[in-house]
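Trainee: I am new to this structure. Please show me how to read it.

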Amino acid sequence: MSETKAAAGSGDPFLAIRDVSKVFEAGGDRIEALHHVDVTIAKGEFVCLIGASGCGKSTLLRIIAGFEPPTSGQVLVHGQPIKAPGSDRGMVFQDYALFPWMTARENIAFGPRQKGLGNDRIRAITGEYLEMIGLTRFADRFPYQLSGGMKQRVAIARVLANDASILLMDEPFGALDALTREQLQAELLQIWARTHVTVIFVTHSVEEATLLGDRVVVMTAGPGRVEGDIPVPLVRPRDVSAPDFNDVRRGLTRRLKR
Amino acid sequence: MFAGRGQAVALGIAFPLCLVVFWHLLVVVTRTQLIPTPYQVWRMMVDFTVGGVYDDAFSGTIATHLLASIQRVYGGFFLALLLGVPLGLLIGRVKVIRQLLDPTLSLLRPVPVTAWLPLSMIFFGLGPRSAVFLVFLGAFYPILLNTTFGVRSVDVRLFEAAAMLGCDGSRMFRQVVLPASMPAIFNGIRLGNGFAWILIVVGEMTGVPTGLGSVIMDGRTLSRTDLVITGMAVIGIAGFLCDRVIVAISNRVLRWSPQHRV
């Protein structure tokens, strides 16, 4: 699982966040959510964004998703600036945002259906991803009949089934209990290893960032900016009780408090 | 617990039964000639349904009148549905259309539907079309407003999720906006159905020869209060049964949403 993730070629980086600033104006107030943020991410990398609330990490994710335009600067995928939401970037929300009127299977099929694929092809894709997330038995349940962990698995499968090459995850496991969270973290790492998808993972848990990331981008608030970009030199699978794991975690915590 | 369902049915029947007894006693005690006893109304209902009691112009005519009213109610209702839902979706989702139409609609809404009666008689003449128009107006607003409200209260994340999965334009309306607003739309449909049955009486008072509203008007003209009450009862039962049908459809369509199950 510790295969190296080489950058895609020598030309344009896979994903480049270039001098991105974001200002929200509410009433007469002017809030600078992001202040000249620069981050470059290689294909297949697992990058965690961490920081206190208000540091703009979710805003940055939403800009990458194309849900909001940056006030200045730009985000480039393969050198192409992002202008709108696209199926190459799939967001996994903390509150799932599954379509409640669709079964698990229909939710996963939503993306392929938009592309106009044939029914057989769609059935094959949804079947494959249902199996990957271990929910084949629950395929025909509606979201309200699924647990939080199951819903989040469906949400992940939904964007993967749509051929997303970048997985944008906004505190995806924040609403889950500790046991389910651990299980989903392990499953996410397996899926990541299998699909070579690039993951940008927003969290406020230092432990989670240390466990998951190839790199951890530490952000600070007021205005939101990048405070540090720290590689995690631990081999996978990582052991949360190992001394070197603790060293990395402590270093991150110190960085976060600065 | 053990008698839950039985108790609900027993109580649900006991109350109207008490009312009927009370009605009977009140008529007997006051010796009024203006209100018939429940038994007299029952005889009228039997006559209206199968005939054989009075054998007059109303005997055994329930099907004719009921059918005429249902046609008008659902003519107006489906017109309201056909116009109200798409318009509500557009007003809720598209800012320009909201800015264009909302002020006008808000201004027209407080006008009671019954106030449109004289105008609708000028537009559509003395006939069933006038009744259909009134029913349409009465059902239109609850359907429109609830649809708009439904669209406005959809979690924006669902739109974002759909957009990132490659859904846009008119597909967004059909695949996301419409199903997400369905609970509110069904609210509007139920309210609209209620108003449609209220307004059919007004609509059929405009000089149409058939329909339950015209039966009530004839009863009034002839001072046959038993006929008036019979007409009222039939409308009540028909409206109730139609509401049950709508609830059944709603439970089926909204089976994904346990809190909207009635």
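Trainee: How many of the 258 residues of chain A count as buried?

Mentor: A residue is buried if 20 or more other C-beta atoms, placed from the backbone, lie within 10 Å of its own; it is exposed if 12 or fewer do, and partly exposed in between. In chain A, 45% of the 258 residues count as buried. This is a predicted model: local features need pLDDT of at least 70, side-chain atom pairs count only at pLDDT 80 or more, and totals for chains, interfaces and linings use all residues. Residues are numbered from 1 along each chain as its sequence is written, while chains are lettered from A and ligands numbered from 1 in the order in which they are written.

Trainee: Which residues have the most contacts inside the largest nonpolar core?

Mentor: In soluble globular proteins, nonpolar side chains tend to be buried together. A nonpolar core is a set of buried Ala, Val, Leu, Ile, Met, Phe, Trp, Tyr and Cys residues joined through C-beta atoms within 7 Å. Here the largest has 135 residues, and Leu49(A), Leu168(A), Ile200(A), Phe201(A) and Val135(B) have the most contacts inside it. Helix 8 of chain B (residues 169–203) gives the most to this core, 14 residues. Helices (H or I, at least four residues) and strands (E, at least two) are DSSP runs, numbered from the N terminus.

Trainee: What is Ile200(A) in contact with?

Mentor: Contact means C-beta atoms, placed from the backbone, within 7 Å. Leaving aside neighbours within four places in sequence, the partners of Ile200(A) include Ile41(A), Val47(A), Leu49(A) and Leu168(A).

Trainee: How many helices and strands does chain A have?

Mentor: Chain A has 7 helices and 10 strands. Its C-alpha trace spans about 50 × 45 × 40 Å along the principal axes.

Note on methods:
Two residues are in contact if their C-beta atoms, placed from the backbone, lie within 7 Å.
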